[in-house]
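Subject: Structure handover

Hi,

Here is the structure I promised to pass on to you. Please have it open while you read, as my notes follow below.

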Amino acid sequence: MADMPGKGLSVYRLLPSLSEYQALHLGRFGLQRLKRWQSAGADADPPARLSAEWMGERRWPKSEFPSGRPGAPVLSRRLAESLGDALLAAGRLVPVDIEGAKDDEYFLYLVEQVVDCLDLRRSSKPKRLDGEVKKPVYRVEALPTHLPAFRLPQFPGAVQWNGWAVDRLVDLTGDQIEKRLTWSEAPSAKPHPDPWGF
């Protein structure tokens with residue numbers, strides 16, 4: 001599935017918005033295992049479950065996209081079902097056990113597809129510590145537009161979202177998601193100045 005005609009291709013980082021919604025704090029052990037798997041690939045096992053707890057005012061509604069971790073997007077059951085098989089083309093869903101909230105069904109979206117589509121000559125140099133690419137430029141012919149999301153071999157600890165998937169998620173959640181443009185083929189588009197910062 002490609003971006004909508006006339007809009008052009010685009011890639012984003014997604015975060016929970018700063019509106020008044022509860023967010024999830026993910027357990028340290030599961031996050032460490034996730035990061036190890038993202039950096040080591042097939043040489044490490046991904047987490048089979050994650051633990052978490054809600055943060056924020058109890059009177060606030062619970063976000064359906066409650067994790068701001070670049071490599072650990074979490075989706076409510078409704079969002080996961082709405083995107084359905086499209087999500088599974090790029091990875092799998094891992095259950096999140098939320099402390100004191102047995103009826104809340106959320107899933108870590110474990111993005112398994114790592115795609116070498118960065119134009120290294122035109123992109124900013126990946127940071128040594130984690131591989132972060134602040135200003136990416138993609139090779140359009142290699143961009144996996146059929147996938148909702150993917151990871152880069154240079155920056156494996158971050159999920160990159162294709163524009164069509166972002167549009168669907170934002171349509172479903174309204175003001176619950178902040179989308180930060182990292183790249184667009186449209187010359188007039190302005191990428192976020194610090195997409196991976198907080």
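To start with a question: which side chain is joined to that of Asp-104 by a polar contact of 2.9 Å? The partner is the side chain of Trp-54. Before I go further, please keep in mind that this is a predicted model.

**Confidence**

The average pLDDT over the chain is 93, and 96% of the residues score at least 70. The exception to watch is residues 1–6, where pLDDT stays under 50. The model has 12 contacts beyond four places in sequence for that stretch. Where pLDDT is low, the predicted coordinates should not be read in detail.

**Around Asp-104**

Asp-104 sits in the loop that links strand S5 (91–98) to strand S6 (106–111). Besides the pairing with Trp-54, the side chain of Asp-104 has a polar contact of 2.7 Å with the side chain of Lys-62. Leaving out residues up to four places away in sequence, Asp-104 touches Trp-54, Lys-62 and Ile-98. There is also a C-alpha separation of 8.1 Å between Asp-104 and Ser-76, which are 28 residues apart along the chain.

**Helix H1**

The buried residues of H1 are Gly-30, Leu-31, Leu-34, Trp-37 and Gln-38. These cover an arc of only 125° around the axis, which means they lie on the same side of H1. Strand S2 (23–26), strand S3 (50–55) and S6 are what the buried residues of H1 pack against. On the face turned away from that buried side you will find the exposed residues Arg-28, Phe-29 and Ser-39. After H1 comes Gly-41, with a positive phi near 65°.

**The four-stranded sheet**

An open sheet is formed by 4 strands in the order S7-S8-S1-S9, with antiparallel pairing. Strand S7 (149–150) and S9 are at the edges with a single partner strand each, so one side of each has no neighbour in the sheet.

S7 pairs with S8 through 2 bridges in the antiparallel sense, and Phe-150 has Gln-160 as its bridge partner in S8. Strand S1 (residues 10–16) is joined to S9 by 7 bridges, again antiparallel. One of the pairs here is Val-11 with Trp-183 of S9.

**Arg-180**

Arg-180 belongs to strand S9. With a relative accessible area of 9%, Arg-180 falls under the 20% cut-off and therefore counts as buried. Its side chain reaches two backbone oxygens: that of Pro-195 at 3.2 Å, and that of Asp-194 at 3.3 Å. Among the residues Arg-180 touches beyond four places in sequence are Val-11, Tyr-12, Arg-13 and Leu-15, as well as His-192, Trp-196, Gly-197 and Phe-198.

In helix H4 (residues 163–173), the buried residues are Gly-163, Trp-164, Ala-165, Val-166, Leu-169 and Thr-173. Their cover includes S1, S9, strand S4 (74–76) and strand S8 (160–162), along with helix H2 (77–83) and helix H3 (85–88). H4 is followed by Gly-174, whose phi is positive, near 65°.

Gln-176 is in the loop between H4 and S9, and its relative accessibility of 10% makes it count as buried. Beyond four places in sequence, the contacts of Gln-176 are Leu-15, Pro-16, Ser-17, Tyr-21, Lys-62, Ser-63, Glu-64 and Phe-65.

**Tyr-21**

Tyr-21 lies in the loop between S1 and S2. What does the side chain of Tyr-21 meet in a polar contact of 2.6 Å? That partner is the side chain of Asp-175. The residues Tyr-21 touches, again not counting those up to four places away, are Trp-60, Pro-61, Lys-62, Ser-63, Asp-175 and Gln-176. Tyr-21 and Phe-65 are 44 residues apart along the chain, and their C-alpha atoms are separated by 9.7 Å.

Happy browsing!

How values were computed:
Residues are numbered from 1 along each chain as its sequence is written. This is a predicted model: local features need pLDDT of at least 70, side-chain atom pairs count only at pLDDT 80 or more; totals for chains, interfaces and linings use all residues. Side-chain values use heavy atoms; hydrogens and water are left out. Contact means heavy atoms within 4.5 Å. A polar contact is a pair of N or O atoms within 3.5 Å; within protein, one must be able to donate a hydrogen and the other to accept it, and residues adjacent in sequence count only if both atoms are side-chain atoms. Buried means under 20% relative accessible area, exposed over 50%, partly exposed in between (1.4 Å probe, protein chains only). The arc is that of the directions from the helix axis to the C-beta atoms. Two strands pair if DSSP finds at least two bridges between them. pLDDT is the predictor's confidence in each residue, from 0 to 100.
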